[in-house]
Amino acid sequence: MEPDAAIQKIRSVISQELEVDLNSLMDSASLRRDYGLDSVAAVNIVFALERDFGFEIDTKQLAHVDSIDDLKVLVVAHFGKKIRN
Amino acid sequence: LTEARWISISAHLIESYLRSVARTIRTTFIVEGRVVDGMAESHLNPDPTITSILASQSLFLPFWNAHSMLLVSAYLSSPVRQAVKHFEAAADDSTGGRLTRNLLERIDLTGRTLSIVSPERRLEDLREILSAKPSLIMAADSYGPYRAISSGMARIARSYAGNVRPLSAVCSRSFPMFRQIHMRIPLPKSEIVVGIGPLLGKPTLNRPLSEVREGIASSLANLEAHLRKELRSRSLWCRD
């Protein structure tokens with residue numbers, strides 16, 4: 001999967017889980033404050049990303065993620081090679 | 001006195017009181033609107049309707065925190081104990097949650113911690129719950145606001161894919177504990193009516209989250225109102 005496609009997948013998963021229109025999602029906005037992310041939604045997003053990307057994400061790291069930008073950094077930094085394969 | 005010791009002593013006192021009272025109270029179950037009578041002394045096994053419903057795998061039973069001690073009392077006073085052996089009861093890791101967890105262990109109910117103290121731990125706890133989907137009894141308003149359904153609770157219910165039933169209890173004579181929660185403790189020789197409502201199916205749980213929250217809250221409110229009506233019809237004065 002190409003990085004751009006991976007990022008679109010992240011946005012799509014977040015849009016679906018948080019019931020926010022994909023086009024209105026801002027990558028720098030706070031997922032918690034602006035889009036109502038709670039801990040259950042965070043775990044559901046992890047499940048969806050793991051299913052789509054095919055590898056396991058350390059759930060604990062989600063505690064420090066508060067924006068799509070943060071999530072992109074997490075995914076690309078830790079799993080970039082696997083995404084590209 | 002350490003907090004752990006205080007929790008242990010408090011749980012012991014509550015357990016002793018509830019076990020003592022459980023021998024004197026009458027518990028009635030209303031399952032999907034049907035009355036199922038019975039006391040532990042007169043029935044070795046719970047009604048087949050209850051057994052059948054509770055035997056369902058990955059069943060989620062949300063209830064209001066206010067009813068937790070009434071439900072524990074009903075559990076101790078009826079043969080339903082055998083039917084809920086495989087259930088886990090969720091409690092957080094606040095002081096009140098740890099007290100609940102200690103009490104649950106004393107009455108042979110399996111507790112499952114859902115942290116509110118550590119965000120990292122909470123995510124791991126939730127991952128385990130959402131992966132395993134154990135049959136779960138859980139206060140739907142665990143740490144407030146009380147008698148309201150949070151988005152997280154609605155999402156947990158949704159993850160159980162339509163295998164969700166509201167659980168509620170009312171009591172003829174009780175006294176308050178933790179006024180903020182409106183928790184009630186049964187008095188000796190009181191009557192407890194426990195209700196297990198109809199399934200909240202996928203059509204309810206697959207709606208937008210705000211409607212799921214409202215749907216769960218109203219199912220709990222409707223069930224409680226039905227139980228109060230049943231209790232009144234038995235000519236018993238309901239104080240709570």
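Begin by selecting A:Ile14, A:Leu31, A:Leu37, A:Ala42, A:Ile45, A:Leu62, A:Val65 and A:Leu71, which line the largest cavity. A cavity is a set of points, on a 1 Å grid over the protein atoms alone, where a 1.4 Å probe fits but cannot get out, and lining residues have an atom within 4 Å of a point. About 40 Å³ of space lies in this largest cavity; a volume is the space filled by probe spheres set on the points, with grid points joined across faces, edges and corners. The lining divides into eight nonpolar residues, no polar and no charged. In this division Ala, Val, Leu, Ile, Met, Phe, Trp, Tyr, Cys and Pro count as nonpolar, Asp, Glu, Lys and Arg as charged, and the others, Gly among them, as polar. One cavity of 30 Å³ or more is counted.

The model is predicted: local features need pLDDT of at least 70, side-chain atom pairs count only at pLDDT 80 or more, and totals for chains, interfaces and linings use all residues. Residues are numbered from 1 along each chain as its sequence is written, chains are lettered from A and ligands numbered from 1 in the order in which they are written, and side-chain values use heavy atoms, with hydrogens and water left out.

**Chain A as a whole**

Next, select chain A, which has four helices and zero strands and follows the pattern α-α-α-α along the sequence. Helices (H or I, at least four residues) and strands (E, at least two) are DSSP runs, numbered from the N terminus. Of the 85 residues in chain A, 52% are buried; buried means under 20% relative accessible area, exposed over 50%, and partly exposed in between, with a 1.4 Å probe and protein chains only. Among contacts (heavy atoms within 4.5 Å) in chain A between residues at least 6 apart in sequence, 56% join residues at least 24 apart.

**The second largest pocket**

Now select A:Lys9, A:Ser12, A:Val13, A:Gln16, A:Glu17, A:Asn44, A:Ile45, A:Phe47, A:Ala48, A:Arg51, A:Asp52 and B:Arg158, the lining of the second largest pocket. A pocket is an open set of points with protein on both sides within 12 Å along at least five of seven lines. The space in the second largest pocket is about 310 Å³. Helix H1 (3-18) and helix H3 (39-53) of chain A are the elements that give two or more residues to this lining, and H3(A) gives the most, with six residues. The lining divides into four nonpolar, three polar and five charged residues.

**Where the chains meet**

Show both chains together: 17 residues of chain B are in contact with 21 residues of chain A. The area buried between them is about 1,500 Å², of which carbon and sulfur atoms give 58%. Buried area is the accessible area (1.4 Å probe) that two parts lose on being put together, summed over both. In chain B, select B:Leu123, B:Arg127 and B:Arg155, which lose the most area to chain A, together 50% of what that side buries.

**Aromatic pairs**

The structure holds two aromatic pairs over all chains. Rings of Phe, Tyr and Trp (its six-membered ring) pair if their centres lie within 6.5 Å; planes under 30 degrees apart count as stacked, over 60 as edge-to-face and the rest as tilted.

Select B:Tyr17 and B:Phe175, an edge-to-face pair at 6.0 Å centre to centre with 75° between the planes. B:Tyr17 lies in helix H1 (residues 3-22) of chain B and B:Phe175 in strand S8 (residues 174-177) of chain B, so the pair ties together parts that are 158 residues apart in sequence. B:Tyr17 is partly exposed at 29% relative accessibility, and B:Phe175 is partly exposed at 31%.

Then select B:Phe60 and B:Tyr160, a stacked pair at 5.1 Å centre to centre with 25° between the planes. B:Phe60 is in strand S3 (residues 60-63) of chain B, while B:Tyr160 is in the loop between helix H7 (151-159) and strand S7 (167-171), 100 residues apart. Both residues are buried.

Not counting residues up to four places away in sequence, B:Tyr160 touches B:Ser58, B:Leu59, B:Phe60, B:Ile129, B:Lys133, B:Pro134 and B:Leu136. B:Tyr160 and B:Ser58 are 6.9 Å apart in space, C-alpha to C-alpha, and 102 residues apart in sequence.

In the loop between H7 and S7 of chain B, select B:Ala161. Its phi is near 50°, a positive value in a residue other than glycine, and B:Ala161 is partly exposed, with a relative accessible area of 47%.

Finish at B:Lys189, in the loop between strand S9 (183-186) and strand S10 (191-196) of chain B. B:Lys189 is not a glycine, yet has a positive phi of about 60°; at 69% relative accessibility, B:Lys189 counts as exposed.
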